[in-house]
Each structure stands twice: as structure tokens, then as C-alpha cells.
Amino acid sequence: MRISSLFPRTRDGHIAFGLGAVSCLASGILLLILVFVFGEAWPALRTIGVLRFLSDTAWYPTDNAFGLAPMLAASFALAAGALILAAPVGVAAAIFRLYYAPAWLKTPYRGLVLLLAGTPSVVLGLWGLMVLVPLIARLEPPGASLIAGILVLALMIVPTVAITAEAALESVPRSCWAAANALGLGREAALLNVVLPAAREGVAGGILLAGARALGETMVVLMITGNIVRMPDGLFAPVRALTSNIALEMAYATGDHRASLFVSGLALTLLVFLLSFAARTGRRMRYV
Amino acid sequence: MSDLSHGPRHVFARQARDGAMRVAIWAAAAALFACAAWVMLDVVLRGAAGLDWSFLVDEPARAGRAGGIGPILVSTGLILAVAIAAAAPLGLATAIFLAEFLPAGSRFAAWTSLSLDVLAGIPSIVFGLFGNAFFSIWLGMGFSILSGGLTLACMILPLLIRTAEHGLRMVPGEWRHGAAALGMSRFSSVWRIVLPAAGPAVTAGLLLGLGRATAETAALVFTSGYVDRMPSSLLDSGRALSVHIYDLAMNVAGGDRNAYASALVLLLFLIVVNGIAMSFSDYLLRKRIAA
């Protein structure tokens, strides 16, 4: 189709042209973000090089040591741990609301899950800091640790898993249930053998999306994981994630230090892209 | 498919498995319910202790340990107003172009939708980095309400466009045909018929975007900054409510009482905004089922 046929020389055509120009602006924002983050990261990428960010053993950016590996590992450990907890609980919560909950409980249960989904991460971080960290400290000091981060991150992403899994389970055709029942399968057998496999892709997509959210989350991990740069070597060890590192050091970073924070932002973006694209193959992305 | 095989041993094993699954699902659901209720009750109970009228209007004193959140509420309101004022027209125009003017399956539509999907997935701290580099430094806005609001506008744009586009596409095609048959131009049929019909969906999207922007912290720390005085212009630095909670909890010893009270204010505001947004989308759903 020719571009000119989209914008005829009429009032409608002019309006369409104006709207099209605005749309270009809206879809150009992504490009602008990538250009600016990459542009700020470039000096560090050029003079320090990608490899040293992974191979340097320590993070003393003012003393020419730029090892991001411990923080990368901490981010992965936090996101993976949160997913291991949130994925089964989220899927179980979706199954519970759709097939197990008594009628009077369905609406309040959904309300609470949506409330949790809408809770700002800084509020979850506050709760983690004031309630959970002291409890963990009694078990094993100092309290602010990998496990604290994992637990609160899991609580943050459970609604994402539950809401996407509900949508996937609901889109399984009723005839699948009917066929399973006709074969003599009960509720549990039908769920395990027919309905869950049929909803597999949607559920997996939601889990990946939740993983991307956990990886990109800042406030929760900043407030309750202790923020000490080191390889995570135990559940009760304090760690610092990539996102927290940016939040902690941006305020005073200059020169190569600042540029290397943009490098870690770029790395984070790439990781989240990979997860989101994997999720997209399962299902269209949701924002709500 | 062991369920299709027969024999008493299988029946027993199957019953045990079904029972275990039932217990596991109830237990997981109860654990989630309990944790969510724990968070909410904690914030409500400890927040209510410090929340009264003077807390909402007073200036913060002693780094926020005492006093209220008056200037912080004003800054938050201004940041949100900037974000919505920038994102709403941009988002609505893009949604109208995508849904009403572009032929389905065009390359531009595919590219826009991909770029919006990617934009929606960018971590908020990266929006903060971008806002700092672009709005604060490159455009010279410094740490300001304007810079923070525009950063949030970029962040909520995909959500606004998607919900508005979805609402526009739900309007039946016959209405557009009817308008065309009456001799209305493309634009006036969109402006006078399609857009009003999609109004609830567009409003719901705006409110969801507003909620998303209110809940955001990480993107604001390096764009709108920390200053907790009453802002006198959009170029002043202003501390958002979420940033205030973070600062009180992390950097101010003895700030927990006011951190909790601020968290309760934030939570209540979000419940109202998201609740209205959801009642709009529920209303749409009911109308579609009734039609």
C-alpha cells in the first residue's frame, strides 16, 4: 500500500497525517531511551570493555575495578528464588479461585490478589524492612539478606502469575472439561492431565513475565537485601542486586563510574528483553 | 494417562494423589491470602496511628520524623499532573491512529506495537537513568517536577495506548459504517461517535496509568529528586510520596511512624484510583455481555 493513499489531500488526510506524526513520536520513545542509555554507557564500554565488567573480581569503580559479576549473580539468585516460590503458589491460587473456592470467597479472594498486585513496591519494601527483616534476624543475623529479598519479591510477583494463569485457564475450551468428565476423570485428574497441559503456554508466559518483573525490581531489593557487594553464598547472606547498585550510587557517580552504572542498566534491560520475548512466544504481553 | 487404567491399586493411588493435590492447592491459596492480609493489616494498623488531618497538611519537620506531608502531597500531585498531561494526548492520538486510521496488519502498526511491548518491559530504574540523562541533563531541566513527570509519562504511555486502542476496537464497526452512510467525515465519526463510545475504556486506562505512576519510586529518585519543601514552580525539585516513604524507612532513624502513615495514604489513594478504573472496565464487560 502506498503511503500517499493513507493521507489523502482532504481534512481527514491532514488529521491522519498529524496523528501519524504523533504516533511516530510515541513509538520513537523506545529508540530515544536506548540511544541515551547506550550513549551514556559508551565511554565505559569503550575504555573499560565488556569483558572486564564480568572478569574484574571487585566493584571499586573509583579505584578502577568494575566487577559486576557478584551483583549479576545476586540479581539472578533473587529473581530465581522468587520465581521458585511464586510460580507454584500463583498457579495454585488461580486454580483455587476458578475451581475450588466456595462462591462467597471468590470475589474477596480476587479483590485481595488485585490489591496485592496494585500495592507499590516501596510499601512492600517497608513491610519487609519493618516486619520480615527483624523476624529473619532473630533466626540468623543480620536479617537483611537474600532470603528476605526472595520472600518479598515472591509476594510481589505472585499476583502476576495468578492473574495470567487465571486468564490462560479460563481460555481452555469448556469442551475439554466435558471430554475429560466423559472419560470418567475427576476434577484433579482433569486438571492435571487435560486442562493444565492445554493452558501450558499461557501459564509459562505469565511466569516468565513475573520473572522479568522480579529481575527489574529496585525498591524491594534495595530496602531489604543488605546492599553488600559479594557473591551470594547462602540464603542468609546480605547481597546487592544490579538495580540497587544503580539506585545507591547514581547520586554521586561521575565519569567512568557513572558510565558503568549505565552499562549495568543496559545489561538489565537486555536481560529483561530476553525474558519478555520468551514470554511473548507463549502469549501476548499484558500490562494490567 | 494412568487415570484411564483400572484396578484397585490404581484407584487407591489416584485417590491419594487427588487428596494431596486438593490439600496443596488449599494450603497455597491460604498462605497467599494470609501473607497479603498480613501486609495490608500491618500498613493499615500502624499507619492509622499516625494519620490525621494535620499530618496531611503540615510541613515535614526534623527530616520527616515529625510534622506531616503537605508539600509532598503537592509535589506528588504536580508530578502526576505533568505525567498525565504529557501522556494522555500522546497516547490517545496514537491509539486513534492505530485503531481508526491504519489498515489492519500494516508494517507501521506491527512496529509500533512491538516498540510499545518492549517499552512496557523496561525496568523502572532504567527509566530513571534515561530521565536523568535526557530530561534532567540534556534538556537542562535539572532535578525537577517537570523532569520526573515526563519520565513517568514515558513509562505509562504503553499502558494508556493499549487500553485506549482496545476500547476503540471494541466499538462495533456498524457504527462507523452508519456514520459514513450519513456523510460524516472519518474524523468526525471518530470524534463524535467512536470516541464517546470508547470513553469508559479510555478513562479506565488513564486511571490505571495514574495508579502506576503514583506507585513508582525508582524512576523518580534521580529525576524529581528529594527536596521536601513546598515547590514554587514545575522546575523545582519535589519529593513524591513513594520517595518520601523510601527515605523515611531507609535513611531516617525513627521515621517509621510517619513512613507507615505515608504508606497508608499512598495505599488508600491507589485503592480508590484502581477501584474506579476496575468499575469502569467491569461496566464495559457487563455491557458487552448484555449486548
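Student: Two residues are in contact if their C-beta atoms, placed from the backbone, lie within 7 Å. How many residues of domain 1 of chain B are in contact with domain 2 of chain B?

Tutor: Seven residues of domain 1 of chain B, with seven residues of domain 2 of chain B. This is a predicted model: local features need pLDDT of at least 70, side-chain atom pairs count only at pLDDT 80 or more, and totals for chains, interfaces and linings use all residues. Residues are numbered from 1 along each chain as its sequence is written, and chains are lettered from A and ligands numbered from 1 in the order in which they are written.

Student: Where are those domains in chain B?

Tutor: Domain 1 of chain B is 2-50 and domain 2 is 56-290. The bounds come from an automatic or database domain assignment. Their C-alpha centres lie 36 Å apart.

Student: And what are the domains of chain A?

Tutor: Domain 1 of chain A is 3-47, and domain 2 is 59-282. Here the C-alpha centres are 32 Å apart. Eight residues from domain 1 of chain A and seven from domain 2 of chain A make the contact.

Student: New topic. How many residues of chain A are in contact with chain B?

Tutor: 70 residues of chain A, with 77 residues of chain B.

Student: Which helix gives the most to that side of chain A?

Tutor: Helix α2 (residues 11-47) of chain A, with 18 residues. Helices are DSSP runs (H or I, at least four residues), numbered from the N terminus.

Definitions and conventions:
Helix = DSSP H or I, 4+ residues; strand = E, 2+ residues; numbered from the N terminus.
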